[in-house]
Amino acid sequence: MEAQVLAALHEASGPATAAWVQERLGGDLAYTTVMTILSRLHAKQAVTRERSGRAYVWIPAADEAGLAALRMRRVLDGEPDRDAVLTSFVSALSAHDEQLLRALLDRATADGPAPADAPATTGHPAASADPGTGPAPHRPRPSATGG
C-alpha cells in the first residue's frame with residue numbers, strides 16, 4: 001500500500017492532501033488508513049509534509065526505489081555487524097548486479113566524498129581495510145571492465 005500511496009503522490013501536480021490520495025486510490029481505503037500510511041512514509045522519510053490550514057499536504061521525497069533503499073538502510077542500521085551483513089549481501093549478488101554496484105560505487109567515488117549526513121552504505125561495502133571482509137572468495141569476481 002505504501003508503494004500505491006507514493007505512486008499517487010507522484011501523479012499529483014503538487015502537494016496533495018490525504019483526501020486527494022484516498023480519492024486517487026479509488027476511495028476503497030478509509031481516510032484513517034491513508035493517514036496511517038502517509039504517517040509511516042513520513043517516519044521513513046519517503047514523504048515530506050507541510051501545514052495547510054489545519055491539515056497537512058504531502059509531497060513525495062522518494063520513489064519506490066528510494067523507499068526500498070530506505071528499508072535496506074534501516075535493516076542494515078539495525079544490525080550490530082555491518083561488515084558481515086554487507087559481505088553476505090555482496091557475495092550473493094548476481095554478476096550483473098555486482099557490475100552495476102561497482103559502476104555506481106565508482107561513480108560515487110568520482111563525484112567526491114559523500115555529505116556528512118549521507119548513510120554509511122554509500123561507501124564501498126566490499127572494500128575494507130581488512131581484505132578478508134570483502135566479497136566471498138569462493139566465487140570468481142568479474143572485472144570492473146565486465147570481463
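I began at Arg51, whose bridge partner in strand 2 is Tyr56. This is a predicted model, where local features need pLDDT of at least 70, side-chain atom pairs count only at pLDDT 80 or more, and totals for chains, interfaces and linings use all residues. Residues are numbered from 1 along each chain as its sequence is written, and side-chain values use heavy atoms, with hydrogens and water left out.

I looked up the pairing next. Strand 1 (residues 47–52) and strand 2 (residues 55–60) run antiparallel and are joined by 6 bridges. Strands pair if DSSP finds at least two bridges between them. Helices (H or I, at least four residues) and strands (E, at least two) are DSSP runs, numbered from the N terminus. The two strands form a hairpin with 2 residues between them. In the turn, Gly53 has a positive phi of about 70°.

**Helix 1 and helix 3.** I then checked helix 1 (residues 2–11) against helix 3 (residues 31–43): their axes come within 10 Å and cross at roughly 85°. Axes are lines fitted to C-alpha atoms, for helices over the stretch in contact, and angles run from 0 to 180 degrees between N-to-C directions. Helix 1 and helix 3 are therefore roughly perpendicular. The classes are: under 35 degrees roughly parallel, over 145 roughly antiparallel, 65 to 115 roughly perpendicular, the rest oblique. Glu2, Val5, Leu6 and Leu9 of helix 1 meet Ile37, Leu38, Arg40 and Leu41 of helix 3. Contact means heavy atoms within 4.5 Å. By class, I noted 6 nonpolar, no polar and 2 charged residues in this contact. Nonpolar covers Ala, Val, Leu, Ile, Met, Phe, Trp, Tyr, Cys and Pro; charged covers Asp, Glu, Lys and Arg; the others, Gly among them, are polar.

**Helix 4 and helix 5.** The axes of helix 4 (residues 64–77) and helix 5 (residues 82–91) come within 9 Å and cross at roughly 135°. That makes helix 4 oblique to helix 5. From helix 4, Met72, Leu76 and Asp77 meet Arg82, Val85, Leu86 and Phe89 of helix 5. I logged 5 nonpolar, no polar and 2 charged residues here.

**Gln22.** I found Gln22 in helix 2 (residues 18–24). Gln22 is buried, at 19% relative accessible area. Buried means under 20%, exposed over 50%, partly exposed in between (1.4 Å probe, protein chains only). Leaving aside neighbours within four places in sequence, Gln22 is in contact with Gly27, Leu29, Ala30, Tyr31 and Val34.

**Helix 6.** Last, I checked helix 6 (residues 95–110), which has 16 residues. Helix 6 reaches 22 Å from its first C-alpha to its last, close to the 22 Å expected at 1.5 Å a residue. Just after helix 6, Gly112 takes a positive phi of about 105°.

Conventions
The expected span of a helix is 1.5 Å times one less than its number of residues.
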